[in-house]
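The sequence and the structure come first.

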Amino acid sequence: MRDALGSVQSVLVLGGNSEIALAIVDRLVASRCKKVVLGVRSPASATTTLNRLRSAGVDADTIDFDALDPASHTKVIDAAAERMGDIDMVILAFGILDGHAEIDTDPVFAARVVQTNFGGAVSAGLASAVQLRKQGHGTILSITSVAGVRSRAENMIYASSKAGMDSFSQALGDALIGTGARCVVVRPGFVHTHMTEGMKPAPFATTPDKIADTVINGLQKNKEIIWAPSIMMPMFLTLRHLPRFLWRRVSAT
Ligand SMILES: NC(=O)c1ccc[n+]([C@@H]2O[C@H](COP(=O)([O-])OP(=O)(O)OC[C@H]3O[C@@H](n4cnc5c(N)ncnc54)[C@H](OP(=O)(O)O)[C@@H]3O)[C@@H](O)[C@H]2O)c1
C-alpha cells in the first residue's frame, strides 16, 4: 500500500534479474519501498540480489515466473499479492534479445522472442491489471524500447515484439483510467546490461543507473511515457517520420 506520501512500498519485478529493473528497485528501496518480490525462472539465479536486499532491511523473496507460461500468470500475481499484501508496482522487465542474424533466420526462435517479449507482456500485464484494479491503486511499469518506435531490417523481430508490447501497454494504461491503477511505458535506448553484452553501443548508450534515475524522475512527474535517456524522444519522433528510403540508409549505419 502506498504511504501518506504516495511512495511505492511494495514492488513485484517480473524478469527479476533484469539489471534495469534492479536499478529502479534500488531507488525505490532507498525511498520507502520495504517489500520486493522477484519473479524469476530460477530462484537460485536471484540469491545474490535477495541477500543484498535483505541485508538492507527489505522483506524480499522470489517467485517462479516464466513469461512463456501465460496460463500461470494469474497465479503468479495472486501469490505475489498474498506474499506482500497490495502490490504498489509491477515492473514488466523480462525480455530476450539475441544475435539478429540468428533470430531472423530461425523462425522458431523468432516466435519465442515474440511470445516472450510481447505475448508474455500481454498475459502478465492483464493479470497484473486485475489485481491493481481490485486494489484501486498501483502502477504497471512496462519496459518496452525505442527499438519498437521504428523497426530496422537488422532487429525486425525484437523491435516488432517491443512495438507490440508498447502499443498494448499504452492501451492498457487507457483502459485503467479511472480505476486508480495506471500503466506507464518506459522506452530505453541502448543500455549496457547482460542483454547487450558484446554488442556495438548505439548513440547515447547509457547505464541501468542512469535509466533508473530518469524513470524515477518521470514517475514523480506522473509521465505516461518515459523516454530514457530523454534525448531519445526528439530523436525517435524525428526518425519515426523519415521516408522509408532514408530510414533504410540511416538505420543501416
Ligand atoms: N539493455 C538494453 O539496451 C534495453 C534497451 C531497451 C529495452 N530493454 C528492455 O528492458 C528490459 C530489461 O532488460 P535488461 O537490459 O535489464 O536485460 P537483462 O538484465 O538481460 O534482463 C532481462 C531479463 O529477462 C528475463 N527473461 C528472459 N526470458 C524470460 C522468460 N521466459 N521468463 C521470465 N524471465 C525471462 C531474464 O531472466 P534470466 O535471468 O532467467 O535469464 C532477465 O532477468 C527487457 O524487456 C529489454 O527488452 C533493454
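In what sense do strand β4 and strand β5 pair, and over how many bridges? I looked up residues 89-92 and residues 138-143 and found that the two strands pair in the parallel sense over four bridges. The model is a predicted one, and I keep that in mind throughout.

**Sheet.** I traced the strand order as β3-β2-β1-β4-β5-β6-β7, an open sheet of seven strands with parallel pairing. The edges are β3 (59-64) and β7 (225-228), each of which pairs on one side only. I took the angle between neighbouring strands of this sheet next: it is 15 degrees on average, with direction ignored.

**Burial of β5.** Is β5 largely enclosed or open? I found six of its six residues buried, so the strand is largely enclosed by the rest of the structure. In a regular strand the side chains alternate between the two faces of the sheet. I therefore checked each face of β5, taking 20 or more other C-beta atoms within 10 Å as the mark of a buried residue. Gly 138, Ile 140 and Ser 142 are buried on one side, and Thr 139, Leu 141 and Ile 143 are buried on the other.

**Helices on the sheet.** I looked at two. Helix α5 (residues 107-135) lies across β1, β4, β5 and β6, and I noted an angle of about 165 degrees between α5 and β5. Helix α1 (residues 19-31) packs on the sheet as well, touching β1 (10-14), β2 (35-40), β4, β5 and β6 (181-188). The direction of α1 makes about 175 degrees with that of β1.

**Core.** Which residues touch the most other members of the largest nonpolar core? I found Val 11, Leu 14, Ile 91 and Leu 92, out of 67 residues in that core. Helix α1 gives the most to this core, with eight residues. I then listed the contacts of Leu 92, leaving aside neighbours within four places in sequence. They are Leu 14, Ala 121, Ala 124, Gly 125, Ile 140, Leu 141, Ser 142 and Ile 143.

**Ligand.** I went through the 27 residues around the ligand; Asn 17, Ser 18, Gly 95, Thr 193 and Met 195 come nearest. By class, I noted 14 nonpolar, ten polar and three charged residues in this shell.

Most residues other than glycine have a negative phi, and most peptide bonds are trans.

- The peptide bond from Ala 228 to Pro 229 is cis, with omega near -5 degrees. I place Pro 229 in the loop between β7 and α8 (232-239).
- Phe 204 has a positive phi, near 65 degrees, and is found in the loop between β6 and α7 (208-220). It counts as partly exposed because it has 14 C-beta neighbours inside 10 Å.
- Asn 222 also has a positive phi, of about 60 degrees, and sits in the loop between α7 and β7. I found 8 other C-beta atoms within 10 Å of Asn 222, so it is exposed.

Note on methods. Residues numbered from 1 in each chain as written. Predicted model: local features only at pLDDT ≥ 70, side-chain atom pairs only at ≥ 80, totals over all residues. Near = placed C-beta within 6 Å. Nonpolar A, V, L, I, M, F, W, Y, C, P; charged D, E, K, R; others polar. Pairing = 2+ DSSP bridges. Axes fitted to C-alpha atoms, helices over the stretch in contact; angles between N-to-C directions. Contact = placed C-beta atoms within 7 Å. Core = buried A, V, L, I, M, F, W, Y, C linked by C-beta atoms within 7 Å. Buried ≥ 20, exposed ≤ 12 C-beta atoms within 10 Å, placed from the backbone.
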